[in-house]
Amino acid sequence: MPDDKTSGTVLVVGAGIAGMQAALDLADGGYAVHLVTTDPSVGGRMTQLDKTFPTNDCAMCLLGPKMTDVGRHPNITLHTCSSLVRLEGEAGDFEAVIREEPRYVSVKDCTACGECEQVCPVELPDRFNVGLKSRKAIHKYFPQAVPNAYLISKADRPPCRNTCPAGCNVQGYTALIAQGRFAEALAVARRRIPFPGICGRICHHPCESECNRGDLDEPVAIHTLKRAAFDFGRAEATHPGPAPTTRKEKVAVVGAGPAGLTAALDLVEQGFEVTVYDAEAKPGGMLRYGIPRYRLPVEVVDEETEWVLRRGVRFVGGKRLGEDLTVDDLFAQGFGAVVLAVGVQKGRALPLEGIDARGVYLGMEFLRAAARLGTDEEDLGRAELPDLAGKRVLVVGGGNVAVDTARTALRLGAAEVQMVCLESRAEMPAHPWEVEEALEEGVVIHNSWGPKRVVTRPTPAVPCACGAAGAAAGPSLGEAARPTAVGVEMLRCVRVFDEQGRFDPVLEPGTERLFCADVVIFSVGQAVDQGFARGLGGVELARGGYVVADKVTLATARQGVFACGDIVSGPGSVVGAIASGHEAAESVRRYLDGVDLAQGRGLPKPESAPTPRRPYEVRAREREAAADPAERRRDFREVLGGLTREQAVAEARRCLDCGDCCECLQCVEKCQKKAIDHEARPREVAVRVGAVILAPGYELFDAAEAGEYGYGVYPNVVTSMEFERLLSSTGPTKGHVERPSDGRPPRRVAFIQCVGSRDVSCDAEYCSSICCMYSTKEAIIAREHDPDINVTIFYLDIRAYGKNFDRYVESARETYGVRFVRSFVSGVREDPATRNLIITYVEGGEVKTEEFDLVVLAVGVRPPWQARELAAAAGIELDEYGFARTDELEPNRTTRPGVFVAGAFQWPMDIPESVMNGSAAAAAAEHLLAGGRGRDVRPKVYPPERDVSKEPPRVGVFVCRCGINIAAVVDVAEVVEYAARLPGVVHAEESIYTCSQDSLKHIKEVIAEKGLNRLVVSSCTIRTHQPLFRETLREAGLNQFLFEMANIRDQCSWVHRTDERAATAKAKDLVRAAVAKVRTHEALHLSEVPVVQKALVIGGGPAGLTAALEIAGMGYDVCLVEREHELGGNLRRVRRTASGADVRAFLEDLVRRVRSSPRVEVLTGTVVEDFAGHAGHFRTTVRSRATGGTRVLEHGVTIVATGARESVPTEYLYGQDPRVLTGLEFEELLEAAAEGEGTTLHGRGAGSGAGDGGLPSSVAFIQCVGSREPGRRYCSRTCCTETLKNALRLKALRPDAQVWVLYRDIRSYGVLERYYRQAREAGVIFVPYDEKAKPEVAVEDGDLVVRVQDGATGLGLTLRPDRLVLAAAAVPAEGARELGTLLKVPLNEDGFFLETHIKLGPMDFPSNGIYLCGAGHSPKFIAEAVYQARGAVARAATILSRTHMLAGGVVARVDESKCAACLTCVRVCPFSVPKINERGVAEINPVQCMGCGSCSGECPARAIQLAHYKDGQLAAKVAGLYAKVSD
Amino acid sequence: MSEVKSRVPDGAEPEFVPKIVAFCCYYCAYSAADLAGSLRLQYPPTIRVIEVPCSGKVDPVILLKAFEEGADGVYVAGCLEGDCHFLKGNFRAKKRVAAVKKILDQIGLDGRRLEMFNLSAAMGTRFAEIAVEMTNRIMELGPSPIRPEAVAARRAAQGEVEPR
C-alpha cells in the first residue's frame, strides 16, 4: 500500500536495452515511468545489430517483443527525441524537466503508411545504417521502430533561404527539380515569390553568395534553377483558382508593382477582398515598364501578373494617386486599410547647365517608353522615344538603369553607345554581369568622369538635313528656341566615396573633356513622382517625397495606411519589394484583426545551417547559354537562354540539402491523416518523480581518429558497426557482404582489435569489453553468409570472459576456421590499383605484411555523446573516462542520491550485463520509493462484461481503408459488401482509419446499437493493433477474445500492389477466414490467483545477502537459506578489491544489516529438501543440517544465489609443495604479512627465501589453472584481475620482489584494464604461453623451477620463484546440481544455472517466479553479483508486489476424460508445467502455462486444447479460407 | 537468392492459381510478413497466412485439414533453429512436418506440397522469397488431386461458412 507522501513515479533516461528493462520492471512493479530517449525509437544500439553473441540470435527478434511491450505499457509514458535538461529537488521528490524536440509528425496520428516518404525529395544518409544507405528527410528510424511513426529531420535554415529577403524556399524547389518535378518546384517557389519566372531572370540573387556549396566548389545556380522551375513547370502547373473570400473587410493597394501585387496576393489568400490601383493600364510596375525586354520578356510578366490576378485580386488601371484617387476616397469607399506601393518612377535630373537642352533625356522615362514597344501601347512609347537610328548616344551613369539604358539604346538602332560614370569599373553599382554583357554588345564605358555641363548649340529654326540633333524627335515645334545638346563636358572624378563610404564625389577642376553625342541620356538615379502626395491626407513624407513608415510594421503616420516597396526604402531590388509586400500584408492582417502589429517581428535572423558533413563530388555549376552578342544587340530577344531540363536536374543535384528537410511540404499534401506539422516547436515538460535512472548507453569510437588504419581514406576499411549492417538482412546490402569500393564479395577479411580501446593516445585507457566477442560473432556470421570469406582477427588478448564466450571463440576457430593472430597491427596501406589493403604486423618478433580485401576496425566504446550535458542536467559526476562515477561496490549509485545509473553509461558492458544492470537500477529505485508503489498508476475500470455464450454469433466486420494504403489496391467497398453476406455477420462497414479515436468510438456505438457479440477488424497487423481493438471490446463490455483480425494491408495491399483483382480476392478470403474463426471464439477469463508476498533466497553470499536486503527494503518478508553455518560465502576469504576497497568491512556491514532486518529471517546450516507450487505460491521444505529438523516455507518467489568457489588444483605440484598456493591463499598470505602476523597459513607459507616480513622475493603466477581446459571450457573471469591485484599488492609491500605472470590472455576487461597497465609499470613481467605448451613445474635442488616457452618471442624461460601462485578455476557451489533438480531449473554442462535466455533473460528461469543471481550463474566480481542480485529482486518484485496474479487466457487445458496419462505432454512441455494429478491424469497449471501449444500439438488423444487456438477454431479458419462462394 | 516476382506467371492469365496456406509463428514469420509489407516487397498473391503462437502448436491434423479444404500447398514457418521463443517448438514442428510429408507421399498427394521453413522476424526478404519458392513449386506440381469441388459442395450442404 502506498504511504501518503512517497512518489510512485520514476524517470528513466535512455531506452536501450538497459533503460527498457528498468522501465518494464518498474512499470510491472506498480510504478509510473517516464521513459526519455534522444532517439526516435526505443531499442537503442541493439536495434542495429544483426546477431548477438554467443548464441547468434537475431537481435531484432529478441528486441522486437520487448520494444512492443514498452510501447504499449499503460504505466510507461514515452518521450522520444527528448532529453533531460534539469533535475531539481532531492531523492524521493525531484522535478525533472524534459525537453521534447519536435518530430513534426504526430505519433498519435501517424499510421506509418509511408506515403509521405514516397514524395519526399530529400535523401539523407541513414543514421540507422551508419550512413551506408540513404533515407528520406521524412522517415521511420527503422522498420520495426516503436513508436511506429515517422519523423522529419530538420537542421537550421539553409543559408539560401535565410539570405533571401523574401525567404524563398530555395532548397525546397531545388530538391524537387533534382527529381525532375518542375511543376511542384514552381509551386514551392511561388509560396514566397509570386513571380518566380521573373525573379528567376532578373533577381540579383544574394542567396548564391551565401550558398554553402560555394565553400566546396561553386555555389548552386539558385536563381537560374528558379527560372527552370518556371520554364519547365509552367505548362503543368495548375492554377488553384480564386481564393475564397472569407473576410468582410476590403483592402486597397495603390501600385501594381512587385510590392503591391505581393501584398495584394497575400491578403487575397487570407480571405480579404483586394483591389489594386495603378496609374498604368497594366499591372507589373517596374517589372513591366522598367526592365528591358531582352532581360525579361513581356510574356513572362503577363503570365505571372495574370497568375496573381486570377487568385482574385481586382486590378484597376489608369488611376493615378493624387490625380484620379486619394486615400480619403478609398476609405470613403469602404476600404478598411490601404497599402501604398507606388514605387519611385521618375528619373533624377541633375541641376546642370544645359540639362534642358533638346536631345537630353532621362533614363527611367526612356526605358518606360521603350518597354511599350511591341505591345498594344506601342504608339505611346514611340511618341516618347527619340529616333536613335544611326545616332551617337551618351549615357551618363553607372548603375543598372544606366546599363539598361545603354543596351536599350543599342537595340533602338543607335550607331554608337557610350557610357560615362563617376565610378571606376570596380565601383560601378551595376551588377558586374550586366556590365559584362553590355561590353560584349559593344557599349563603350568611360569610368571616373563626372558631368560638368551639357554642351549645346543653338537649334536651327528649320530642321536641317545634315544635322543629327535637329532631326531628333521629341521636343515640339513650340520649343524650337531650346538649344540642342552636342555632348557633355566631364571632369575627372578622383573620388566617389568619402572615408566613411558615403557618396561624395570629388571632381578635379581643369580636367575638362567633351564627350560628343547626338543624344544624351542621364541615368543617375530615381526620384519620387511628387504628384501622389496630393492624394495622401495625413501620411507623413520624408525628404525627396518618400513615405515615412515604421521599419518593422510599415505602418505610416495615418491609421490604416501601410506602405511598402521603393516608396519607403528608395529604389531597391525586386526581391526586396516582394519581401516588403509580404510584411505590409502581414501588418494589414494584424491591423484588421486588431492585434499587435509588431509582436514577434523584426527579430534578427537566426544562424544559417552550416555545410553538412556529407560526401559530395566536386563538380562545376551548370551554365546557361547566352545569345550571340553580335546578333542580340540589334533586337529585344532574351539574352540568356536558361538551363536545359537536363542541366537543371543536374544542377539541382549539386544542392547539399543544408536544412535536411527542405520544407517543400509534399508530405503535408500527401498525408491523409493530417499528422504532419512543420511548424512544431520544441517543448519542455516538467514531471515530478521520486527517482531517476540514467541509461543513455554508449557511443562508438570515431575510427577516423585512429589515422594509421586509413578509415575514411580507404573505402575498404570499415568499422565493426558498418560491417554489422552489411551482415544484416535489413542492412544496405540485404545481408550480402560487399566491399564498399566495388561491391564485390571480399575473400580475405581482417579484423583489427582495440581500435580506440586500451590506448591512452585515444583517451581510452580502458578495455571496451565487447569488441573481442562482437568481432568473433561478425567473423562467424560472415563465414555463414559466404563460406569463401576467410577471416583473420588481429588481437592483443581475446577477452572471452563471459558465460559461454570461450566456447564461442573456440567454435569460431575450429568450426568456422577463423584465424586468430596475436599481434599489434602497426598500419594499413592501400594498393591503389586493386583497393586491397596491406597490413603490417609483428608476429614472433618478425615484421610481416599481408594483403586483405576488406579491413574491419573493432571500434571501442565511448561514453554517450550526451554524457556531459546529461551529467550537468542530472547533477552527477563523471569519472576520468567520462562514464558515470559510481562506487565500486555500489555499482548503480551515482554521486547524487536518488539518481541511479544502468548499462554502458556505468562502464562498457554487453547486453546481459546491461539487462541485469537495468533491473538492478529499477530495484534500487523501488527500494527508495517503497512507500510509493502503486501510487501513480491507475488501474483502468471497464464496464461489466456481457455474457454472450448463449447468443448466436452476431459478427461486426470493419474494413479499414488505411487512407489509401489498402484502398488504393484492394476494392474495399467490394470487400465490405462481401463481408456483409457472410454467415453470422450482421454489420459490415468501411472506415478510413479504423484505429483512429473516432472510429473506435463508433465501433463501440455499433456494438451497442446492433448487439454485436463478435468483432472482426480487417486492417493491418495484430502485432501493433490487436491490443488496441481488444481494449475497445473491453470498453464496450465484451470479452476481449471475441475478436479476430484480418491483415489485408501488410499481407495483402502492400505486397500485391500490381494485381488489384487478386489482392481484393485475397482480402475477401482473409476476411472470410477471420469471420469463420471468430464465430467459434469463446470468452476467456483471467482468474486471480493470490500471491504470497514473501520471498525465499537460497544462498548467503554477497548476491543472496543483497537480494534479501533489497526485498526487505521494498517492504516484503524474506527468508534467507544458507547451507553453511556462516553467512558470506566465498567472499569471506577475500580481503580487498583490486582498487583496495575493504571487502571484509563490506561483508560485515552486509551481514549486520541482514541480521538486524526485522523482515529477514536467516536460516544458516540449512538446505532445501523439497520444492513445490508455482509462481505466487511456492511451498519449500528446508532441513537443518545440524538437527535434521524440517520446515515448510510458503513464498511467492524464489531467488537462487548459490554462488561459486575456488577449485582445488591438481596440477603444478599443488598440494605437494607448500610453496605452491592458490590465488586466495596467496591473498591471505599477503594480508597476513601486511598485518605482521607471520607467514603461515595452512602451513603453506613457510619456505626458503621467504624473508622481509614473510613476503616472498619472487613469485610466479600461472593463469587459467583448471579454466579454459578440456572438461572446463570456460573462463573464470575474475582470476586475471585477482592476479593483477595480488601482484600489485606484493610490489607495494615489497618493491624489490620479482613477479612473473604466465598467462594465456589477460582478461582485465573494462576499467579493470588500469590494473594491467599499473602492473606493467610496476615491473611485473608478463609471459604469454600457449595452451598446447603449458608451463612445467618441478623441484630441483630444493628450488621451485618453472619452465615456460614465451609465446611472444618463442624463447624458453626458466624461472626459480619463491612462490608459485595458481589462478584456480571458479566452480559452482556444492549442492547446486541437486538444487537444480529440486527446483526443476536447468544447469549448463559446467554446472552453472542456465537462465531462460542468455541475452535478455539473465536473471529469469524458464519457470515463472524463480530467479537467478550471483556466481551460481557464472563466475563474477562482487559488484556484478550485487547488481545481478538487485536485478533478480526487480524481476521478483513484478510478482511480489501484487496481491493477485492473473492466470489463464491463452493457455492449454486438459480434458481429463480424454487423457490417457501417456506423459507426452510432460515430456514435450519446455517449461515442465504438466503434472499427473491425484486423479491420475495430466494437469496444466494455468499460472505456469506459457501458451505455446506444444503439448496440444503433440497430445495423441487430443485431450489438450490451447484456448483461442483450439482444433475446431483453427479448422474453422482454414475452412473459411477456401469456402466456395456462391454469388 | 531467387528473384522475387511481382506476379506468379509471366504473360497470360494463369489457368491454375495455387492456394497455399502458411502457418506462421507469431514471433518470427508473422513479423517477417509484416516487415515484407513495410518494405513493400512484392510476392505472389497465393499465400494465406494463419497465425499461431508457436510453430510447435501446428499438429498433423490441421496440416491435413488444410489439404482437405482445398489447399494445393501448405507450409509451416517457425523461428530459426535455436531461436524459438518457447525453446523447442520449431523442432517439434519440423518433426511433424516430416511425418506428414510421408503421409502425403503415401496417399499420393506428394510430400513436396508441404514444407517447413525457418526464418527470423528480421527476414522480410526471406518471407517473400519463401512465398515465391512455394508458389513456383506448387505451380510445377499442379493442383492438388483432392481439391474437388465436391468437398466444397459437401461443406455447403453442412452450412458451414457459406454465404447465404
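Which residue forms a salt bridge with A:Lys1517, and how far apart are the closest N and O atoms?

Modeller: Happy to, with the reminder that this is a predicted model. The partner of A:Lys1517 is A:Glu1044, and the closest N and O atoms of the salt bridge are 2.8 Å apart. A:Lys1517 sits in helix α43 (residues 1511–1522) of chain A, while A:Glu1044 belongs to strand β43 (residues 1043–1047) of chain A, so the pair ties together parts that are 473 residues apart in sequence. Both ends are tucked away: A:Lys1517 counts as buried at 8% relative accessibility, and A:Glu1044 counts as buried at 6%.

Side chains of opposite charge can pair when their charged atoms come close. Another example joins A:Arg295 and A:Glu434, at 2.7 Å from N to O. Here A:Arg295 lies in the loop between α11 (286–289) and α12 (298–310) of chain A and A:Glu434 in helix α17 (residues 432–440) of chain A, so parts 139 residues apart in sequence are tied together. A:Arg295 is buried, with a relative accessible area of 15%, and A:Glu434 is buried too, at 3% relative accessibility.

A further bridge runs between A:Glu638 and A:Arg227, with the closest N and O atoms 3.4 Å apart. It links distant parts of the chain, 411 residues apart: A:Glu638 is in the loop between α21 (629–632) and α22 (645–652) of chain A, and A:Arg227 is in helix α9 of chain A. A:Arg227 is buried, at 5% relative accessibility.

The helix around A:Arg227 is worth a moment as well. Helix α9 (residues 222–233) of chain A has 12 residues and spans 16 Å from its first C-alpha to its last, close to the 16 Å expected at 1.5 Å a residue. Of those 12 residues, 11 are buried, so α9(A) is largely enclosed by the rest of the structure. Among the buried ones are A:Lys226, A:Arg227, A:Phe230 and A:Phe232.

Finally, salt bridges here can also join up into a network. One such network links A:Arg758, A:Asp797, A:Arg799, A:Asp806, A:Arg822, A:Arg1268, A:Asp1305, A:Arg1307 and A:Glu1313.

How values were computed: Residues numbered from 1 in each chain as written. Chains lettered and ligands numbered in written order. Predicted model: local features only at pLDDT ≥ 70, side-chain atom pairs only at ≥ 80, totals over all residues. Heavy atoms only, no water. Helix = DSSP H or I, 4+ residues; strand = E, 2+ residues; numbered from the N terminus. Expected span 1.5 Å × (residues − 1). Buried < 20%, exposed > 50% of the residue type's maximum accessible area, 1.4 Å probe, protein only. Salt bridge = Lys/Arg side-chain N within 4 Å of Asp/Glu carboxyl O.
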